[in-house]
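Hi there,

I'm handing over the structure we talked about, so that you can look at it alongside these notes. Please open it first and then read on.

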Amino acid sequence: MSFLKDLAETLSSIFSDTPSSPSSLNHPQQNSGDRTMDGVATGNERTAYKLKGYFELAKEEIAKAVRAEEWGLADEAIAHYHNAQKILAEGISTPVPSYIASSEHEKVKSYREKISKWQSQVSDRLQTLSRRAGGTPSVKV
């Protein structure tokens, strides 16, 4: 049961903006580059994890959209692309702390580039689907 609690706390700390809970500080991580001297998480790795999470969620929505397109369900595909677009927009708006380590900065930069590229591709796909459906393109960035 402790394993599930630790897993839940870890996932919670990845996706929350607050520092880790006191119980999670009792379990030191292998990479301590994201901690200050007193053991409080600084968010050094948290930003990269957040961006990765947004990217993965968007990929899942895009996969659903592609499957819907393959089945000829254009309206459902458009809905999934819109969801992916919202996720990507939220991901790209994630603030990056100024004190981030250079190795983490590279990860953040990489995910931001991927997210930006996918945002553009989703926007293009939405325009194409809207034209095919005979409607006006309703692209929200």
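Some ground rules before the details. This is a predicted model, in which local features need pLDDT of at least 70 and side-chain atom pairs count only at pLDDT 80 or more, while totals for chains, interfaces and linings use all residues. Residues are numbered from 1 along each chain as its sequence is written, and side-chain values use heavy atoms, with hydrogens and water left out.

**The chain as a whole**

Of its 141 residues, 35% count as buried (under 20% relative accessible area; exposed is over 50% and partly exposed is in between, with a 1.4 Å probe and protein chains only). Looking at contacts (heavy atoms within 4.5 Å) with a separation of 6 or more, 60% come from residues 24 or more positions apart.

Two packed helices are described by the angle between their axes and the distance between the axes. Here the axes are lines fitted to C-alpha atoms, for helices over the stretch in contact, and angles run from 0 to 180 degrees between N-to-C directions.

Let's begin with helix H3 (residues 46-70) and H4, whose axes are 8 Å apart and pack at an angle of about 170°. H3 is therefore roughly antiparallel to H4 (the label for angles over 145 degrees; under 35 is roughly parallel, 65 to 115 roughly perpendicular and the rest oblique). On the H3 side the contact includes Leu51, Tyr54, Leu57 and Ala58, and on the H4 side it includes Ala77, His80, Tyr81 and Ala84. By class, this contact has 13 nonpolar, 3 polar and 5 charged residues (nonpolar covers Ala, Val, Leu, Ile, Met, Phe, Trp, Tyr, Cys and Pro; charged covers Asp, Glu, Lys and Arg; polar covers the others, Gly among them).

Next come helix H4 (residues 74-92) and helix H5 (residues 102-133), with axes that come within 9 Å and cross at roughly 155°. H4 and H5 are therefore roughly antiparallel to each other. Their crossing is left-handed (the near helix is turned anticlockwise from the far one by less than a right angle; clockwise would be right-handed). Among the residues making this contact are Ile78, Tyr81, Gln85 and Leu88 of H4, together with Ile115, Trp118, Val122 and Leu126 of H5. The class count for H4 with H5 is 11 nonpolar, 6 polar and 2 charged residues.

By class, the H3 contact with H5 has 10 nonpolar, 1 polar and 9 charged residues.

Arginine 112 sits in helix H5 and counts as partly exposed, because its relative accessibility is 23%. Leaving aside residues up to four places away in sequence, arginine 112 touches Leu51, Ile92, Thr94, Pro95 and Val96. A polar atom of its side chain lies 2.3 Å from the backbone oxygen of threonine 94. From arginine 112 to serine 93 is 19 residues in sequence and 9.5 Å in space, C-alpha to C-alpha.

Also in helix H5 is serine 130, which counts as buried because its relative accessibility is 7%. A polar atom of the serine 130 side chain is 2.9 Å from the backbone oxygen of leucine 126.

In the loop between H4 and H5 you will find proline 97, buried at 17% relative accessibility. Proline 97 and threonine 47 are 50 residues apart in sequence, with their C-alpha atoms 8.0 Å apart.

Finally, have a look at aspartate 75 in helix H4. Aspartate 75 is exposed, with a relative accessible area of 64%. Its C-alpha atom is separated by 9.5 Å from that of alanine 65, 10 residues away along the chain.

Enjoy exploring!

Best wishes

Technical notes
Helix = DSSP H or I, 4+ residues; strand = E, 2+ residues; numbered from the N terminus. Polar contact = N/O pair within 3.5 Å; in protein donor to acceptor, adjacent residues only side chain to side chain.
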